[in-house]
Amino acid sequence: MLVVMKAQATPEEIQAVCEHIEHLGFRAHPMPGAQRTAIGITGNKGEVDRGNLEELSGVAEVIRVSKPYKLASRDVKEEDTIIRFAGTDATIGGRNLAVVAGPCSIESREQAFTIAEHVAAAGAQFFRGGAYKPRTSPYAFQGLGLEALKIMAEIRDRFGLRIVTEAIDNASLELVAEWADVIQIGARNMQNFSLLKHAGHMRKPVLLKRGLSATLDEFLMAAEYIMSEGNYEVILCERGVRTFADHSRNTLDLSIVPAVQKLSHLPILVDPSHATGKRDKVLPMARAAIAAGADGLLIEVHHQPDKALSDGPQSIYPEQFVRMMDEIGQIAPIVHRKLPRGLHIDTTPTETHAAHVK
Ligand code: PEP
Ligand code: MN
């Protein structure tokens, strides 16, 4: 159920409707929009008696939301959600493309700083790096934990990049929410409902990656779990799904971008690194993602991928990242987008690096 307020409804009227809903034993989720505020109602088992609500001052109409996801749905909020970060031009959603770049894992202070310097100079607004790694093998590198979070906090101060990093359980969630700017929930945890609910209590945006074989509905329902707890700043991320294809690590499902955009107001990024698993496929798929209308990209970058402790084969070189930024910057205006930060470095590949830029 959704209460649509009149365009001229006052904050007091909105507050009174929320209180009325809570008084009935439900949860009210006011979602301010450009034209009007809508108030989502959750927690109801059956129908909410609409008669009463319609009579409250400032209410335009009360409508039923038929979709299983409500707060994530465009029915509740028509215009795209734009997530802003205080003190910076970095945004996710809206006209500006968001680029999240960095290594799969934080391996050392030096490694992280080297890569951060490159991606910042190339115009990324967000730095990613795993501190807690959900590895297939228990014997593989599991991440530096808190030490990595502290390194990334230094990177935020030094380069002005906002930090995105994954939480894998409730304990790491608390730390990630404290140290980072965006909490990532990985593909393997997309249906960890306890973790999703806890993330819903955090006051930081959540970047939710699509599950290994999740349908669109499952993906949006996972977002709904976070939103139903009161955290409305959810960023979706397509990272490929498991198919029979073996030429790439996963199969990038770009058609989910317009499918999400039709149904939901939430921003959606594309991660061609985990989707393809292969360095040479990252650039073409990054271009395709922007052309398809994605709100941005998540890209793994490493200056020494052969030595990387995780995901080396899919990590692109800094020079390739520069080229990617240059090319998506050219595609962006065709789809009415732009890269907010220009390149601060020469985009012509040098001779020594030309080989792997190809
Ligand atoms: C990652 O972004 O480092 C990661 C582990 O991604 P995913 O959850 O999509 O596999
Ligand atoms: Mn990775």
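The following legends describe close-up views of a predicted model.

Local features are reported at pLDDT of at least 70 and side-chain atom pairs at pLDDT 80 or more, while totals for chains, interfaces and linings use all residues. Residues are numbered from 1 along each chain as written, chains are lettered from A and ligands numbered from 1 in the order written, and side-chain values use heavy atoms without hydrogens or water.

**Figure 1. Overview of the chain.** The chain has 12 helices and 14 strands; helices (H or I, at least four residues) and strands (E, at least two) are DSSP runs numbered from the N terminus. Its C-alpha atoms fill a box of roughly 70 × 45 × 45 Å along the principal axes. The radius of gyration is 21 Å, in agreement with the value near 21 Å for a compact globule of 358 residues; this radius is taken over C-alpha atoms, and the globule rule is 2.2 Å times the number of residues to the power 0.38. Of the 358 residues, 54% count as buried, that is, under 20% relative accessible area, with exposed meaning over 50% and partly exposed in between (1.4 Å probe, protein chains only). Among contacts (heavy atoms within 4.5 Å) with a separation of 6 or more, 69% come from residues 24 or more positions apart.

**Figure 2. The site of the manganese ion (ligand 2).** Cys104 (SG), His274 (NE2), Glu300 (OE) and Asp311 (OD) are the protein donors, at 2.0 to 2.3 Å from the manganese ion. Donors are N, O and S atoms within 2.8 Å of the metal (3.2 Å for Na, K and Ca); water is not among the atoms, so sites may look incomplete. The sequence spacing of the donor residues is C-x169-H-x25-E-x10-D. Histidine 274 lies in helix α9 (residues 272-276) and aspartate 311 in the loop between β14 (296-300) and α11 (318-331), so the pair ties together parts 37 residues apart in sequence. Histidine 274 is buried at 8% relative accessible area, and aspartate 311 also counts as buried, at 18%.

Figure 3. In the order β7-β8-β9-β10-β11-β12-β13-β14, 8 strands close into a barrel with parallel pairing; two strands pair if DSSP finds at least two bridges between them. On average, neighbouring strands of this sheet are turned by 25 degrees against each other, direction ignored. Strand β13 (residues 268-270) joins β14 in parallel through 2 bridges, and valine 270 has leucine 297 of β14 as its bridge partner. Helix α3 (residues 109-121) lies across β7 (98-102) and β8 (126-128), at about 150 degrees to β8. Helix α7 (residues 216-228) lies across β11 (206-209), β12 (234-238) and β13, at about 155 degrees to β12. Axes are lines fitted to C-alpha atoms, for helices over the stretch in contact, and angles run from 0 to 180 degrees between N-to-C directions.

**Figure 4. Strand β1 and its partners.** From strand β1 (residues 2-5), Leu2 and Val4 point one way and Val3 and Met5 the other way, and all are buried. β1 runs antiparallel to strand β4 (residues 59-63), to which 4 bridges join it; valine 3 has valine 62 of β4 as its bridge partner. The pairing of β1 with strand β3 (residues 37-42) is antiparallel over 3 bridges, with leucine 2 opposite glycine 40 of β3.

**Figure 5. Helix α10 and its cover.** Val282, Leu283, Ala286, Ala289 and Ile290 are the buried residues of helix α10 (residues 279-291). Their cover includes β13, α9, β14 and α11. Just after α10, glycine 293 takes a positive phi of about 105 degrees.
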